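Reader: I have a model open here. Can you walk me through it?
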Amino acid sequence: MKDFDHLMSVWQGQPKPDQLSVDEVLKQVKKGIRSITTKLYWTIVAMVAIAAFAFIVTFFLAFKSTVTTIGILIVLVTMLMYLSLILRHYHILSKQDATLNPTEYLHSLKEYQKSRSKVIGWFYYIYILMISAGLAMYFVEVLEHSSLAFKIVTYSSIAVWFLFTTFYLKPRMFKNEEEKLNLMIDRLVRLQEQFD
């Protein structure tokens, strides 16, 4: 009997799993989603402004070389593809409210995370490659009368920018967003398990 009492006291002394406050979790999830959607919103605004500028440059400035025009069109089409992708992600994140149906919201967040990581993985490289190729083609005519040293500096800058964004900036940017999404999903999963 003494062993049973000792076992009961040890069992009762175990720390209880943290009970999550529904309001607190939903508030944190909304704050995290708002942070991501705000960043996406400002990216959309910047992309629209840059795409409008590229459109104006393409159709209102006269270029002698078709390579330059093709380069600008490549940049413009690539930016419009990226803009449509960002708009889709913004729409997915901002259309639902976590307080209405947390289970459905959790499912949509998981789907968003899965599709974003899959699409961003391959699309980002295509995006950077196409932008860099478009800029290189654009600079063929723009740098036509420049010195060889200036051309080398310009094209080297494009190559360095491509390498910097691909191997340094992209992993950090998307890792940060992935961690935020994982944290929100984890909180919602723990909340759901609390009620199951």
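Reader: How much accessible surface does the protein chain have, and what share belongs to carbon and sulfur atoms?
Author: About 12,800 Å², with 67% of that belonging to carbon and sulfur atoms. Accessible areas come from the Shrake-Rupley method with a 1.4 Å probe, and for residues only the protein chains shown count as cover.

Reader: What should I know about the source?
Author: This is a predicted model: local features need pLDDT of at least 70, side-chain atom pairs count only at pLDDT 80 or more, and totals for chains, interfaces and linings use all residues. Residues are numbered from 1 along each chain as its sequence is written, and side-chain values use heavy atoms, with hydrogens and water left out.

Reader: How many helices and strands are there?
Author: The chain has 5 helices and 0 strands. Helices (H or I, at least four residues) and strands (E, at least two) are DSSP runs, numbered from the N terminus. The order from the N terminus is α-α-α-α-α.

Reader: What percentage of the residues is buried?
Author: Of 196 residues, 31% count as buried. Buried means under 20% relative accessible area, exposed over 50%, and partly exposed in between (1.4 Å probe, protein chains only).

Reader: And the contacts? What share comes from residues 24 or more positions apart?
Author: Those make up 80% of the contacts with a separation of 6 or more. Contact means heavy atoms within 4.5 Å.

Reader: Salt bridges next. How many are in the whole structure?
Author: The search finds 1. Lys 64 pairs with Glu 144, and their closest N and O atoms are 3.9 Å apart. The definition is a side-chain nitrogen of Lys or Arg within 4 Å of a carboxyl oxygen of Asp or Glu.

Reader: Which parts does that pair tie together?
Author: Lys 64 sits in the loop between H2 and H3, and Glu 144 in the loop between H4 and H5, so the pair ties together parts 80 residues apart in sequence. Lys 64 is exposed at 70% relative accessible area, while Glu 144 is partly exposed at 41%.

Reader: Aromatics now. How many pairs?
Author: There are 9 aromatic pairs. One of them is Tyr 82 with Phe 123: the ring centres are 6.2 Å apart and the planes at 5°, so this pair is stacked. Rings of Phe, Tyr and Trp (its six-membered ring) pair if their centres lie within 6.5 Å; planes under 30 degrees apart count as stacked, over 60 as edge-to-face and the rest as tilted.

Reader: Where do Tyr 82 and Phe 123 lie?
Author: Tyr 82 is in helix H3 and Phe 123 in helix H4 (residues 102-142), so the pair ties together parts 41 residues apart in sequence. Tyr 82 is buried at 13% relative accessibility, and Phe 123 is buried at 7%.

Reader: Which residues form an aromatic cluster?
Author: Tyr 41, Trp 42 and Tyr 90 form one.

Reader: What about Thr 165: buried or exposed?
Author: Thr 165 is buried, at 5% relative accessible area. Thr 165 lies in helix H5 (residues 148-195). A polar atom of its side chain is 3.2 Å from the backbone oxygen of Phe 162.

Reader: What is Thr 165 in contact with, leaving aside neighbours within four places?
Author: Tyr 124, Ile 128 and Lys 170.

Note on methods: Polar contact = N/O pair within 3.5 Å; in protein donor to acceptor, adjacent residues only side chain to side chain.
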